[in-house]
Amino acid sequence: MTLDELRAYFEGELVIGEREIGLFDRYLDLLEEWNERMNLTAVRDRGEMVEKHLLDSLLAMKALKGKRFSSAIDIGTGPGFPGMVLAILMEDVRWTLLDATRKKCEFLSAVKGALRLGNVEVMNARAETLPKERWDLATARAFSSLPMLLELGAPLLSVGGHLLAMKGPRGEEELHSSLRAMKELRIVHVSTCRESLPGGDGERLNLLFRKVSKTPRKYPREFSLIKAKPI
């Protein structure tokens, strides 16, 4: 898939102008360049990068349609998916791109500088160490398990804020296994947006949640405990 085909794919749904196309193009240049030095993505073909990374990230916009945010955090952003992609499109939202791996954050900082993205902050830290109730939106793509993500993400949100979990075809199973966590963390499931990449290459379930009241103070727990004994 080319960038022009990406724009055509979302015609009538998203405004992807020449500015965005130029920034996406430069972003992919940097991703290819840095990927030669470190393993940022297993996807090497540029056309596949457009489809499996850019397009997949932009599908999140459908789940967020009609909602407005002033601040957002992408948890475990890796090389910037979906956070960097959404930050390019959502200029008026202050994005925090969070990752625990220093080298990935170095790459993200290089992209931020090259693309001159003033609405992006790169943070090399773990979610459980961050200030609570600071963001309106939290996103995560391909995060290990939904109960773990909810425990890490819910405390970061202000009351009324949203969390978007980008999942594959097993998303419904994970949602069912998260009922106790949702109740405990004071967060509710709002909607499920079903998508698939062109050609039917993989089902995507974008699960949207809303925080309805303050997260109990005991959460999040230490990461080792979250992983060993999810809610």
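## Two helices that cross

A crossing of two helices counts as left-handed if the near helix is turned anticlockwise from the far one by less than a right angle, and as right-handed if it is turned clockwise. Here, helix 2 and helix 6 make a right-handed crossing. Helices (H or I, at least four residues) and strands (E, at least two) are DSSP runs, numbered from the N terminus.

Two packed helices are described by the angle between their axes and the distance between the axes. For helix 2 (residues 18-35) and helix 6 (residues 102-115), that angle is about 145 degrees and the axes are 10 Å apart. The axes are lines fitted to C-alpha atoms over the stretch in contact, and angles run from 0 to 180 degrees between N-to-C directions. Who touches whom (contact means heavy atoms within 4.5 Å)? From helix 2 come Leu23, Arg26, Tyr27, Leu30, Leu31 and Trp34, and from helix 6 come Lys103, Glu106, Phe107, Ala110, Val111, Ala114 and Leu115. Sorted by class, this contact has 10 nonpolar, no polar and 3 charged residues. (Ala, Val, Leu, Ile, Met, Phe, Trp, Tyr, Cys and Pro count as nonpolar, Asp, Glu, Lys and Arg as charged, and the others, Gly among them, as polar.)

## What you're looking at

This is a predicted model, where local features need pLDDT of at least 70 and side-chain atom pairs count only at pLDDT 80 or more, while totals for chains, interfaces and linings use all residues. Residues are numbered from 1 along each chain as its sequence is written, and side-chain values use heavy atoms, with hydrogens and water left out.

The protein chain has 10 helices and 7 strands. Its C-alpha atoms fill a box of roughly 45 × 35 × 30 Å along the principal axes.

## Pockets

A pocket is an open set of points on a 1 Å grid over the protein atoms alone, where a 1.4 Å probe fits, with protein on both sides within 12 Å along at least five of seven lines; lining residues have an atom within 4 Å of a point. Points are joined across faces, edges and corners, and a volume is the space filled by probe spheres set on them.

The largest pocket has a volume of about 390 Å³. Its lining has 22 residues, with Ile75, Gly76, Thr77, Gly78 and Asp99 closest to the centre. That lining splits into 12 nonpolar, 5 polar and 5 charged residues. The second largest pocket holds about 320 Å³, and its lining has 7 nonpolar, 1 polar and 6 charged residues.

A cis peptide bond joins Phe81 and Pro82, with omega about 5 degrees. Pro82 sits in the loop between strand 1 (71-75) and helix 5 (83-89).

Technical notes:
Contact means heavy atoms within 4.5 Å.
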